[in-house]
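Here are my notes for when you have the model open. Could you go through them alongside the coordinates?

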Amino acid sequence: MNSPFPKSTSVPGQGHLVAKLLPEGISGLETFTYQYPLKLISPSRPSEDESVLIFLLSYGGGLVAGDKVNLKVEVRAKAKLTIVTQGHTKVFTSTSPDIVTRQDMHVHIASEGALCLLPDPVQPFAGSVYEQTQIFRLEEDASICLLDWVTRGRTARGENWSFVRWVGRNEIWTIPAAQEDGKTDSRERLLVRDAVILDSNRSHPELAKLRDSMHGVGIVGTLLLRGPLMKSLGDFFLAEFAALPRLGARDFRSDAAKQAAALAQATPREKWRAERLVMENNSKLLWSAANVRGCVVVKFGAPEVEDGRLWIGSMLQEEGSISHHFGDHALMCVR
């Protein structure tokens, strides 16, 4: 017997988000759909926050081997969207290297729109195989803040970069704005293509395992910033990186008294910087920042996950742009 109902067009793992600017001057959702194993939650938020908040989750707290998630995100003109998570994105063990767990995200941000994507780090379990692709297309004056980071696994179970493969790729493109007739110019320009490949079968030939090539680092991350709303934050990272002590510029003759006297006359930002440098040194955290075709690319790594979280959180809180434009909830995963 033929069913009288039309066939379902839903696809497992598919999701679609559309954020738009409401008449009240705050952002809301025009489209909000998802299918298992993807799960999206849009909680209520303080009325003063202009950005709409979305939690990106998965059923069961993680992605099972072979799961595929494909999320399409659209941010309309002048709208603001914040995407966070409720914990580490766990990637469970794969029974075969050929069974790949995938997450893909395709994002379009219209003119003067903004997206803040600050999730918890991905935590791949031993034996897992994971690939992630995130492509962002920005119209003129659109802004994005993207954090992408991965840990070495479950340290309580002795995991130390024990997965089979982890591949992450982020691309930021600039595209012309839509014309009045609805058509768009097909010309696009690639600004940044950032790819990280951690493969246990492609480690350095002189090193026995992937963990050896990581040299004690327990978390690695990339922060990408682009657009007018992120200019202040990008300049902040570039300035702080330029202010890092260089081997040829340090005064090794300065005694404790001189350092204390200099700190007493320092500005609040200089005092914060001095404390941060001590933290970076004690935690053995390393980082860099560079301007690539108008995008600020920040790379960092630390032996412990919490040290990396504390560092990136303190940097974002000190500068203040994220809280100002997206609300304090945007920083919940990096505090």
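The points below take a pocket and then a helix pair.

1. A reminder before anything else: this is a predicted model, so please read the points that follow with that in mind.

2. Have a look at the second largest pocket, which comes out at about 420 Å³. Its lining runs to 30 residues, and those closest to the centre are Leu56, Leu57, Thr85, Thr89 and Gln103.

3. Strands do a lot of the lining here. At least two residues each come from β4 (52-58), β5 (62-63), β6 (68-75), β8 (89-91), β9 (101-109), β12 (129-138) and β13 (143-151). The largest share belongs to β13, with four residues.

4. Now the helices. α4 (residues 268-283) packs against α5 (residues 305-319) at about 165°, and the two axes are 11 Å apart. The pair is therefore roughly antiparallel, since the angle is over 145 degrees. The crossing of α4 past α5 is left-handed.

5. Which residues in α4 meet α5? On the α4 side they are Arg269, Trp272, Arg276, Met279, Glu280 and Ser283. Their counterparts in α5 are Asp307, Leu310, Trp311, Ser314, Met315 and Glu318. Sorted by class, this contact has five nonpolar, two polar and five charged residues.

Terms used: Residues are numbered from 1 along each chain as its sequence is written. This is a predicted model: local features need pLDDT of at least 70, side-chain atom pairs count only at pLDDT 80 or more; totals for chains, interfaces and linings use all residues. Side-chain values use heavy atoms; hydrogens and water are left out. On a 1 Å grid over the protein atoms alone, a cavity is a set of points where a 1.4 Å probe fits but cannot get out, and a pocket is an open set with protein on both sides within 12 Å along at least five of seven lines; lining residues have an atom within 4 Å of a point. Grid points are joined across faces, edges and corners, and a volume is the space filled by probe spheres set on the points. Axes are lines fitted to C-alpha atoms, for helices over the stretch in contact, and angles run from 0 to 180 degrees between N-to-C directions. Angles under 35 degrees count as roughly parallel, over 145 as roughly antiparallel, 65 to 115 as roughly perpendicular and the rest as oblique. A crossing is left-handed if the near helix is turned anticlockwise from the far one by less than a right angle, and right-handed if clockwise. Contact means heavy atoms within 4.5 Å. Ala, Val, Leu, Ile, Met, Phe, Trp, Tyr, Cys and Pro count as nonpolar, Asp, Glu, Lys and Arg as charged, and the others, Gly among them, as polar.
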